Amino acid sequence: MSATEEPQKLYAAREPVFPKRVKGRFRNLKWVIMIVTLGIYYVTPWIRWDRGPDLPNQAVLLDLANRRFFFFWIEIWPHEFYFVAGLLIMAGLGLFLFTSALGRVWCGYSCPQTVWTDLFFTVERWIEGDRNARLRLWNAKWDFTKWRLRLTKWVVWLLIAVATGGAWVFYFADAPTLLVQLVTGQAAFVAYTTIGILTATTFVFGGFMREQVCIYMCPWPRIQAAMMDEDTITVAYRDWRGEPRGKGKDRENLGDCIDCNACVNVCPVGIDIRDGQQLECITCALCIDACDDIMAKIGKPRGLIDYMALTDEANERAGNPKKNVWKHIFRLRTIIYTVLWSSIGIGLTVLLFIRSDIDVTVAPVRNPQFVTLSDGSIRNTYDVRIRNMTNQETDFRVTVTADAAFAVELEGVPGDTVTVAVDSTQLQRVYVIAPPGSAAADGNLTDIRLWVEDLSTTTRTYEDTTFFGRDIE
Amino acid sequence: MIEDHKKHPEEQKLMAGDPDTTGHSWDGIKEFNNPLPRWWLWTFYATIAWAVVYTVLYPAWPLVNGATPGILGFSTRANVAEDIQRFDDMNADIRTRITEVELAAINPEANPDLYNYAIQGGAATFATWCSQCHGSGAAGVQASGYPNLLDDDWLWGGTIDDIHATISHGIRNEDDPMARYSQMTAFEGLLSDEEIASVVQYVRNISGQEADAALVEAGATVYADNCAACHLDDGTGDRYLGAPNLTDAIWLYGGSEEAIEYTVRNARFGVMPPWSAEASAAGRLSEAEVRSVAVYVHSLGGGE
């Protein structure tokens, strides 16, 4: 009978994780990456870049209102969105490359969730002490000391969270101006809302949800699992060397693992790597540092837990020497990814350098198809949009070339030259006139080419279109 | 173990050979009595209650004229009126300024905001009130008396002030004493058929079209005696009188022999209503709208 059996619970309570402090080469690498990435994030909006008097002087700026993206010397217009698409493709290929070569290296070192959680751990350790002290505090009653420590920690976390949300909005407006507006309460509502939301997510994700974000919320681990193969480098335990594990001085029948649990105690996601590679593991490599430290103390070679590929296991079990890590990394698959990734990168860079500072679109006005003027000449009208992407007000001359002779007039502007303000698009009505009795005037279709020339640099561009004569069907 | 399986009460009854049925039976097939789930039933009751509350609060029940208004006083029509009023209020300042400046000053250099408003607003007004005759592209209807506003030929003048006056007062209407007015004589009966045929050839000749050379010379005399008073000696017309230029390539009613002959015999009498509500009782547009349309038409390629 199963009547007395407790029904299986569908909800498993979270086991709190109290990672111990660890020192070592991978920990040092993580410190460097944390400082560099956080530094880039917080400092970038404050870098200035002179683009002349009429353009913003912020080096990196996403100007949503004017639909411009400024990145140092590069300015991207909305019609150049293919650059963004190209960058996204590069990001995708980069993910393929790094995942197939180094597994979840993104998760372990540079994912914002990892970096900020690491920062929050550091604060927590600094205020509440290392693993054992935090475990004691967790089980302690809510007395004055616990409240004091917890509140201090939360306040520091909250300050970091506000700074995180605050830095984000500076990418979308002039940073010094916005800072003053934010402090004096004059910034846009959306700025405060954005800061509020990002503060809340940083505080909650970094302080409380932590590894649960990676395990339950993030799609990356699932996608990445599909991109790993037997040569992908992951963090693994050499159980053929460590087992059977055991404590004690008599190591006659025991492996190298002394079952000290150092690898488990430092793990930020609360797993035992000796159970094998598992979904929760973000390959932060802190267990490698912890185990290397123990191996050094007991006089054994490092690498009981190490970066390894799946093929290493069979290889090493067979007694063969260790395979060099680089031989795992440089293989056909990763080379193909690298070639694809860099060709798109080179392509985008070339495009960036050959793109023109002027851009012209021509829309023939076909209602009516043509206009007869009093002297019998035939006029066609074209809506010409001229984008001035230079950093100064520029004069553009509009001319037409064709097999036949045409005259060009501009609406509202004497002569053939139109002035376009800096960093803007102007719609100019252009009249192309075929003289009376000419083949173009009395004929059907004539191909014409409209030229727009930047008079300051004499660069010019053209657009092909057609001229309708009075015989048009 | 199957006997441990806990059965649903209905299933137990069924197994016991005593299913709860509705009593309906077709060819021995019985219908089980499966009542609606309780949550569904309560949701259904809730929607009924909601519907009752809704019909009290919002317009709902149709009556002979209209419907029950609902106690919240909600009306989509009133919302639209409110929206229109809001935009009118936002534009009030610019509309006042448009009526205060010189017409010629509404240009991109002097008043870019007024110009932009006039072009956009003028295009909308044109599409609503003018396009029926002049076409959505303002090209009129060729050879049918609806003038093309894009070309450089103007019966009553193509400066912005001329265009404004024409739109304000209209042409040959009886609603506005200030309307542009001219009336050509219908020469049917006044001139002989030969004289009419010759003057038609003369007019085709001075406008650069093919003409019967034998008749042109006789036509010149007929023209000088009957037409030159208004169309002038050289045939270039007179804008003060609204007499069209006969030497150019543009013909309001067509330049073929038949069309010109019809014009000479019967004359033409195209009309346009007055649009300015300030200038005439029949006008439908505000001064700001009339001015906007004038600026818009002037910008279409024919403005002088």
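This report looks at salt bridges in a predicted model.

## How to read the model

Residues count from 1 along each chain as its sequence is written, while chains are lettered from A and ligands numbered from 1 in the order in which they are written. In this predicted model, local features need pLDDT of at least 70 and side-chain atom pairs count only at pLDDT 80 or more, while totals for chains, interfaces and linings use all residues; side-chain values use heavy atoms, leaving out hydrogens and water.

## Glu124(A) and its partners

Over all chains, the structure holds 40 salt bridges (a side-chain nitrogen of Lys or Arg within 4 Å of a carboxyl oxygen of Asp or Glu). In one of them, Glu124(A) meets Lys153(A) at 3.2 Å, N to O. Glu124(A) sits in helix α4 and Lys153(A) in helix α6, so this pair ties together parts 29 residues apart in sequence. Helices here are DSSP runs of H or I with at least four residues, and strands are runs of E with at least two, numbered from the N terminus.

Glu124(A) also forms a salt bridge with Arg210(A), at 2.9 Å, N to O. Arg210(A) lies in the loop between α8 and α9, so the pair links parts 86 residues apart in sequence. Both Glu124(A) and Arg210(A) are buried (under 20% relative accessible area; exposed is over 50%, partly exposed in between, with a 1.4 Å probe and protein chains only).

## A pair with Glu316(A)

Glu316(A) and Arg238(A) form a salt bridge, with their closest N and O atoms 2.7 Å apart. Glu316(A) belongs to helix α14 and Arg238(A) to the loop between β4 and α11, so parts 78 residues apart in sequence are tied together. Glu316(A) is buried at 11% relative accessible area, and Arg238(A) is buried at 4%.
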